[in-house]
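Here's a quick tour of a predicted model. Have the fold open while you read.

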Amino acid sequence: MNAIDITYDIDPELYRRAVTQPIKARNRTVTVARNLLATACACGMLVALNFLLFDGVSIVPLSVGFTLGAGIVFVTWWKQHRALVKTHEQHNESGGTLRFTADSTGIVDERPGIESRIAWFLVRDVRRIEGAVLIELPTARVILPEAALKDRDSTDLVTQLNAWRGSN
């Protein structure tokens, strides 16, 4: 199969829509089981801490502390997440031409000042969304607007990228 080489400018609205797409879970059953196990462990640790710190008299002080701590962690994470999204939005709105190349060995995604080399084993999913092809990575997403594909069909592109991903 031939290498793919696409040069384009990202539309800020398309970028926002693409980064807010839900992450496609690899295995829903494993994800649910892992979350239930983590919750059970956290509750067990909460009860054990209560007995160690308060002789099992009341779980209220520990629960209040746990809830406040979780709230602080969530607020901190949310502020960092919003700052990161704002930085990405500013970068995408500042313009600049992006270049995407892919072949059987991997992907190269270039922006002004940034060059990312991505091996196929890091690609979680390749799928179509409204107006674009979305390549999902563990910590990022590569967005290929359908308008930049010119004479190439987005379904065929997804099929080709998934074939390369599956063979590695």
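Let's begin at a hairpin: strand 3 and strand 4 form it, with two residues between them. G113 sits in that turn and has a positive phi of about 85 degrees. The two strands run antiparallel and are joined by five bridges. One of the pairings links R111 to I114 in strand 4.

| Strand | Residues |
|---|---|
| Strand 3 | residues 106-111 |
| Strand 4 | residues 114-118 |

Now for the inside. The largest nonpolar core has 30 residues, and I6, F100, I135 and L161 have the most contacts inside it. Among the elements giving two or more residues to this core are strand 1 (4-8), helix 1 (12-19), strand 5 and helix 4 (154-166). Which residues does L161 touch, once its neighbours within four places in sequence are left aside? They are I4, F100, A102, W120, V126 and I135.

Helix 1 has its own buried set: L14, Y15 and A18. Seen down the helix axis, the buried residues of helix 1 fall within an arc of 100 degrees, so they line one face. An α-helix has 3.6 residues a turn, so residues three or four places apart point the same way.

Last stop, D125, which lies in strand 5 (residues 125-129). Is D125 buried or exposed? D125 is buried, because its relative accessible area is 7%, and the cut-off for buried is under 20%. The D125 side chain makes a polar contact with the side chain of R127, at 3.1 Å. The C-alpha atoms of D125 and L161 are separated by 9.5 Å, although these residues are 36 residues apart along the chain.

How values were computed. Residues are numbered from 1 along each chain as its sequence is written. This is a predicted model: local features need pLDDT of at least 70, side-chain atom pairs count only at pLDDT 80 or more; totals for chains, interfaces and linings use all residues. Side-chain values use heavy atoms; hydrogens and water are left out. Helices (H or I, at least four residues) and strands (E, at least two) are DSSP runs, numbered from the N terminus. Buried means under 20% relative accessible area, exposed over 50%, partly exposed in between (1.4 Å probe, protein chains only). A polar contact is a pair of N or O atoms within 3.5 Å; within protein, one must be able to donate a hydrogen and the other to accept it, and residues adjacent in sequence count only if both atoms are side-chain atoms. A nonpolar core is a set of buried Ala, Val, Leu, Ile, Met, Phe, Trp, Tyr and Cys residues joined through side-chain atoms within 4.5 Å. Contact means heavy atoms within 4.5 Å. The arc is that of the directions from the helix axis to the C-beta atoms. Two strands pair if DSSP finds at least two bridges between them.
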